[in-house]
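Here's a walk through a protein–DNA model, taken one piece at a time. Have the viewer open as you read.

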Protein chains: 2
Amino acid sequence: MTDAHDLLFKTLADPTRRAIFERLCRSGEQTVGALTTHAGVSQPAVSKHLGVLKQAGLVRDRHEGRQTHYSAQLGALAPLVDWTKEMAGFWESRFDDLEDLLKRMDQ
Amino acid sequence: MTDAHDLLFKTLADPTRRAIFERLCRSGEQTVGALTTHAGVSQPAVSKHLGVLKQAGLVRDRHEGRQTHYSAQLGALAPLVDWTKEMAGFWESRFDDLEDLLKRMDQ
DNA sequence: GAAATCAATAACCCGTTGGCTATGGATTGA
DNA sequence: TCAATCCATAGCCAACGGGTTATTGATTTC
């Protein structure tokens with residue numbers, strides 16, 4: 001039911017939340033305040049998103065004084081990659097566009 | 001805002017809907033009736049999910065008499081693969097677990 | 001010590017979503 | 001032709017999710 005795939009897809013489905021994660025991937029560790037500046041939503045909203053991301057294992061937090069630094073955890077994306085590969089595997093060579101996808105996955 | 005990634009993640013975030021897509025990947029083309037048998041929800045619910053999947057380009061439909069056959073379109077997963085690779089790219093070699101993810105992506 | 005800053009939580013609001021039943025249009029079969 | 005089947009749509013409802021403001025606890029700064 002609520003397996004790892006569910007958690008990942010649900011967590012990444014919201015554009016605001018995904019943007020926060022993308023920012024952490026691009027620019028590395030950042031405080032809640034820094035993230036709030038660019039998020040376009042209020043600080044509590046950002047904190048809530050970070051909480052969801054953390055629960056999905058997509059971010060880590062590090063407390064330093066009164067501020068909290070968050071950083072992306074790329075490894076948490078593994079189930080997503082696995083799922084995609086599994087779906088591709090089921091298809092085997094059933095359709096032509098499979099090749100395109102496989103090419104894409106092999107860099 | 002509502003770009004390709006959004007559509008994909010949102011569409012795949014629902015477990016029932018994702019299960020339908022997975023089934024189409026595993027077992028190939030199927031009618032709405034066949035899918036309804038295993039979906040655990042009503043036929044209208046299945047039709048609605050198929051509509052969402054179709055809008056995301058994840059399935060195709062083929063009408064044959066009074067029944068409609070649906071099949072998965074693996075190519076539609078490409079943006080998801082690209083996004084994952086992009087996130088991984090941003091990280092470059094910043095953390096150790098990146099290697100694990102890259103290994104996983106290269107089969 | 002008092003004031004200000006940072007981030008998390010609480011409480012609330014509202015739009016979206018996923019489910020249902022009911023219905024209808026199209027096709028098949030008797 | 002009439003009944004039955006298949007699927008899509010409509011209409012409704014309850015639950016969930018993401019946003020807000022208000023508040024509080026910690027920490028820093030003056």
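In strand 3 of chain A, which residue is the bridge partner of T31(A)? That would be H69(A). Before going on, a bit of housekeeping: this is a predicted model, where local features need pLDDT of at least 70, side-chain atom pairs count only at pLDDT 80 or more, and totals for chains, interfaces and linings use all residues. Residues are numbered from 1 along each chain as its sequence is written, chains are lettered from A and ligands numbered from 1 in the order in which they are written, and side-chain values use heavy atoms, leaving out hydrogens and water.

Back to the sheet. Chain A has an open sheet of three strands in the order 1-3-2, with antiparallel pairing. Strand 1 and strand 2 of chain A are the edge strands, each pairing on one side only. Here strands (E, at least two residues) and helices (H or I, at least four) are DSSP runs numbered from the N terminus, and two strands pair if DSSP finds at least two bridges between them. Helix 2 of chain A packs on this sheet and touches strand 1, strand 2 and strand 3 of chain A, its direction making about 85 degrees with that of strand 3. Contact means heavy atoms within 4.5 Å; axes are lines fitted to C-alpha atoms, for helices over the stretch in contact, and angles run from 0 to 180 degrees between N-to-C directions.

Now the pairings themselves. Strand 1 (residues 30–31) of chain A meets strand 3 of chain A over two bridges, and Q30(A) has Y70(A) as its bridge partner. Strand 2 (residues 59–64) of chain A is joined to strand 3 of chain A by six bridges, with H63(A) partnered by T68(A). Those two strands form a hairpin with two residues between them, and G65(A) in the turn has a positive phi of about 65 degrees. Strand 3 (residues 67–72) of chain A is mostly covered, with five of its six residues buried (under 20% relative accessible area, 1.4 Å probe, protein chains only).

Next, the DNA. Around DNA strand D sit 21 residues, the closest being S42(A), K48(A), H49(A), G33(B) and S47(B); near means a heavy atom within 4 Å. A polar side-chain atom of H49(A) lies 2.2 Å from a phosphate oxygen of DNA strand D, and for S47(B) the distance to a phosphate oxygen is 2.5 Å. Helix 4 of chain A gives the largest share of this surface, four residues.

Technical notes. Buried means under 20% relative accessible area, exposed over 50%, partly exposed in between (1.4 Å probe, protein chains only). A polar contact is a pair of N or O atoms within 3.5 Å; within protein, one must be able to donate a hydrogen and the other to accept it, and residues adjacent in sequence count only if both atoms are side-chain atoms.
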